[in-house]
Amino acid sequence: MQMENVKIVITGPFNAGKTEFISSVSEIDVVSTERRITDDSRVVKGRTTVAMDFGRIAVDDELMLYLYGTPGQKRFDFMWDILSEGMLGFVVLVDSARPETFREAKTLVNRFRRYSPTPYVIAANKQDMEDAWPPEDMRIALRLSSDTKVMSCVATDRESVRKVLLELLYSILESAD
Amino acid sequence: MALKGNLKDFNVTQLFNLINLARKSGSLTIEGLGKTAEICFKEGKLVYASLNGHDGGLIGMLEKAGKISGEESRVVRARSRSSADKELGLLLINAGYVTQDDIVQSVRSHTLDVVYLLFTWSDGSFRFEPNKHPLEGAITVPINLENIIMEGSRRVKEYEMLQNELPDLDMALKFTERPDAKLRDINLTVEEWRVISFINPRNSIRQIAKANSMGDFRIRRIVYGLLSAGLVELVMPDGPQKVRTAPEAVSAPPPVKRSLILRLIDKVKRM
């Protein structure tokens, strides 16, 4: 029986909550390929290694959903080229309580939209924090159109993550054959 | 839930845009350069502004606007039992010193002076508190934010900031679908009106600039203003796709089977 694999990419500025997001729903312990120190990447012996999260959800005996958490900075565009191949859609996670990251998130959304015309959802993460900006204010701050889905999210809450994934899947369904 | 941050990350223009589009009511406090500004809004309109507290109140505003003399202001202050601007205003009108229109224009002028000064602040903390009103007795004058935002954008000089806000001139523009966006109430320069006349998802910003013989900086500044005022929004350009270089290659979405997605949805629902 041939196993079919599909993937969804989770991206966003540094420390937006990508690891927690994937961990909340992954059936395997989230694999991080590199230990983070101050950034998503390290240079080791002249080679740049990249921190990335990897999780999995077994849909049934024939279908596996992989979740890839990748950093969104421009210098990791080569990762995007690799991961976006065959991607169903992506989630952009934004830390709602750190407006200093909104500009980076906005740049990231604009760049990825041009690279891959696949459905995506913006997850306004850390909505449980007192300083979190409401999702609709973030929509305006990120200059997102009214038809872009901006969802409230708490990445450590499985139910919240489930809702974000569902919303993305419904968007993918709308664009499917 | 208070919105707070630093102007380095979210400038005054962007804050006003957010308050305007979300039709917020409340008070925005900005601290910077050793000063504190308080700006109040009601349903997305600017109604009050002060710098460093009371800053002279109504009497100070009228004196600054040349509507009353220094001597008259001393007399009024001595006679009034209250320092509330509304009561002082009534006193001044009844005494024949000023008209109601004088008061409205002076308060409006002072409010705009404070706000335009804030556009020059690039560093400082801000905090927006919903539903916080101006002090009891303060005179409020509703002012639409669109024109203020446009004027503030015109004052933006930093090229780097414009480049960050609008890095891609190959994007196109379309008019926003906000029901309350009214182009006829907006004061635009001739250049801005020329750009408006070219707005169409088929025209990239670069093409609009070329048609109007504008350089990168000028077109960025104008488009930034229109975006900030919520009049237009960025869209992918319509029409034939341009040839992209390898790093910008668009990876076509895989042909997706509905049945596969439905299985995924079913699984996630059951999680």
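Helices are DSSP runs of H or I of at least four residues, numbered from the N terminus. With that in hand, here are some exercises on this predicted model.

**Exercise 1. Find Glu136(A) and work out how exposed Glu136(A) is.**

Step 1. Glu136(A) sits in helix α4 of chain A, which covers residues 135-141.

Step 2. Recall the cut-offs: 20 or more other C-beta atoms within 10 Å make a residue buried, 12 or fewer make it exposed, and anything in between is partly exposed.

Step 3. Glu136(A) has 14 C-beta neighbours inside 10 Å, so it counts as partly exposed.

Step 4. Now pair Glu136(A) with Met151(A): the two are 15 residues apart in sequence, and their C-alpha atoms are 8.8 Å apart in space.

**Exercise 2. Describe how chain A is built.**

Step 1. Count the elements of chain A: 5 helices and 9 strands.

Step 2. Follow them along the sequence, and the pattern is β-α-β-β-β-β-β-α-β-α-β-α-β-α.

Step 3. Of the 177 residues in chain A, 46% are buried. Among chain A contacts with a separation of 6 or more, 72% are between residues 24 or more positions apart.

**Exercise 3. Which residues of the largest nonpolar core touch the most other members, and where does this core lie?**

Step 1. The core has 92 residues, and those touching the most other members are Ile8(A), Val91(A), Val92(A), Leu93(A), Val94(A) and Ala123(A).

Step 2. Strand β7 of chain A (residues 87-95) supplies the largest share of this core, 7 residues.

Step 3. Chain B takes part too: domain 1 (3-143) and domain 2 (157-244) of chain B both give residues to this core, so it lies between them.

Step 4. Zoom in on Ala123(A). Beyond its neighbours within four places in sequence, Ala123(A) contacts Val91(A), Val92(A), Leu93(A), Val94(A), Met151(A), Cys153(A) and Val164(A).

Step 5. Another core, of 10 residues, lies apart from the largest one; Met61(B), Leu62(B), Leu92(B) and Ile103(B) are among its members.

**Exercise 4. Why do the buried residues of α4(B) line one face of the helix?**

Step 1. Helix α4 of chain B spans residues 85-94, and its buried residues are Asp85(B), Leu88(B), Gly89(B) and Leu92(B).

Step 2. Looking down the axis of α4(B), you find these buried residues within an arc of 100°, so they line one face.

Step 3. After α4(B) comes Gly96(B), with a positive phi near 80°.

**Exercise 5. Which element of chain B gives the most to the side that touches chain A?**

Step 1. The contact involves 38 residues from chain B and 42 residues from chain A.

Step 2. On the chain B side, β1 (3-6), α1 (12-21), β7 (232-235) and α11 (258-270) each give two or more residues. Of these, α11(B) gives the most, with 9 residues.

Step 3. Sorted by class, this side of chain B has 21 nonpolar, 6 polar and 11 charged residues.

Step 4. For the complex, the predictor gives an ipTM of 0.83 and a pTM of 0.70.

**Exercise 6. Where in chain B does pLDDT stay under 50?**

Step 1. Take the average of chain B: a pLDDT of 82, with 86% of the residues scoring at least 70.

Step 2. The stretch to find is residues 240-251 of chain B, where pLDDT stays under 50. Where pLDDT is low, the predicted coordinates should not be read in detail.

Note on methods: Residues numbered from 1 in each chain as written. Chains lettered and ligands numbered in written order. Predicted model: local features only at pLDDT ≥ 70, side-chain atom pairs only at ≥ 80, totals over all residues. pLDDT = per-residue confidence, 0-100. Contact = placed C-beta atoms within 7 Å. Nonpolar A, V, L, I, M, F, W, Y, C, P; charged D, E, K, R; others polar. Arc of directions from axis to C-beta. Core = buried A, V, L, I, M, F, W, Y, C linked by C-beta atoms within 7 Å. Domains from an automatic or database assignment.
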